[in-house]
Amino acid sequence: MNNELWGILVDSFPKILLAGIKVSIPLALIAFAIGLLIAVLTALIRYAKIPVLKELVRIYIWLIRGTPLLVQLAIIFYGLPVFGIHVNAFFAAAVALSICEGAYMSESLRGAILSVDPGQIEAGYCQGLSFTQIMNHIVLPQAFRTAFPALSNSLISLVKDTSLAANITVVDMFMTTQRIAGRTYQFMPLYIEVALVYLIFCSLLTVLQHFIERKLNHYAVKEIK
């Protein structure tokens, strides 16, 4: 590696990292939080079999899971202005990522809810608890524990998916790298560098995931005892 290339990489690393801290990670966390809220609501609607709403939820999940995220981003950012709705790139990316992740996490959460022993739910009704109370105090805590690995994987995938936001002009890590590469013509080294930065962020999340899983397993064992 020559000195010039090394200098470019050293100079670009903090810029890419800063873009990740200021844009990519906040975008992923915002989309994950909103997506999780969507997932909880849609999973409960399907579990409770609410008329009309359950069919609308099924259509939503079918549409989102059956179309590419990149197309969804383009529809929101480039398509909405046709109807007079103008949004900035970050907001459009957050909305598209939230809607997309909500559909996928909804299925993970619904499966976790269905895994809860029906006897516990019946016991809750026998104690005079309402459906909402049973969900809040009995079903959802267990469902979140069961779904935690899948939800964590969704967050990790979401961090990588934020790179697609560069296609609608969000200045994230990938867009920052593209701009530097376009100026220096060092495409391969810089793309490898940004890949390593994504790997760093995802590795940190993986370590955090394993730590929380151990804690959850520890509490589960204590409850059994």
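# Briefing on a predicted model

Cys126 counts as exposed, at 70% relative accessibility, where exposed means over 50% relative accessible area, buried under 20% and partly exposed in between (1.4 Å probe, protein chains only). This is a predicted model, in which local features need pLDDT of at least 70 and side-chain atom pairs count only at pLDDT 80 or more, while totals for chains, interfaces and linings use all residues. Residues are numbered from 1 along each chain as its sequence is written, and side-chain values use heavy atoms, with hydrogens and water left out.

**Cysteines**

- The count of disulfides comes to zero, a disulfide being a pair of cysteine sulfur atoms within 2.5 Å.
- Cys202 is buried at 8% relative accessibility, and its sulfur lies 16 Å from the closest cysteine sulfur, that of Cys100, which is too far for a bond.

**Salt bridges**

- There are five salt bridges, each defined as a side-chain nitrogen of Lys or Arg within 4 Å of a carboxyl oxygen of Asp or Glu.
- One of them joins Lys15 to Asp11, with the closest N and O atoms 3.1 Å apart; both residues lie in helix α1, four residues apart, about one turn of the helix.
- Helices here are DSSP runs (H or I, at least four residues), numbered from the N terminus.
- Glu107 and Arg46 meet in a salt bridge of 2.7 Å, N to O; because Glu107 lies in helix α4 (residues 89–114) and Arg46 in helix α1, the pair ties together parts that are 61 residues apart in sequence.
- Within this pair, Glu107 is partly exposed at 22% relative accessible area, whereas Arg46 is buried at 17%.
- Glu55 and Arg58 form a salt bridge at 3.6 Å, N to O, and they are three residues apart in helix α2, about one helical turn.
- Salt bridges with shared partners join Arg46, Arg65, Glu107 and Arg110 into one network.

**Largest pocket**

- The largest pocket has a volume of about 180 Å³, the volume being the space filled by probe spheres set on grid points that are joined across faces, edges and corners.
- A pocket is an open set of points on a 1 Å grid over the protein atoms alone, where a 1.4 Å probe fits, with protein on both sides within 12 Å along at least five of seven lines, and its lining residues have an atom within 4 Å of a point.
- Helix α6 gives the most to this lining, with five residues, and α1 (3–48), α6 (131–161) and α8 each supply at least two.
- Among the lining residues are Phe32, Phe148 and Gln209.
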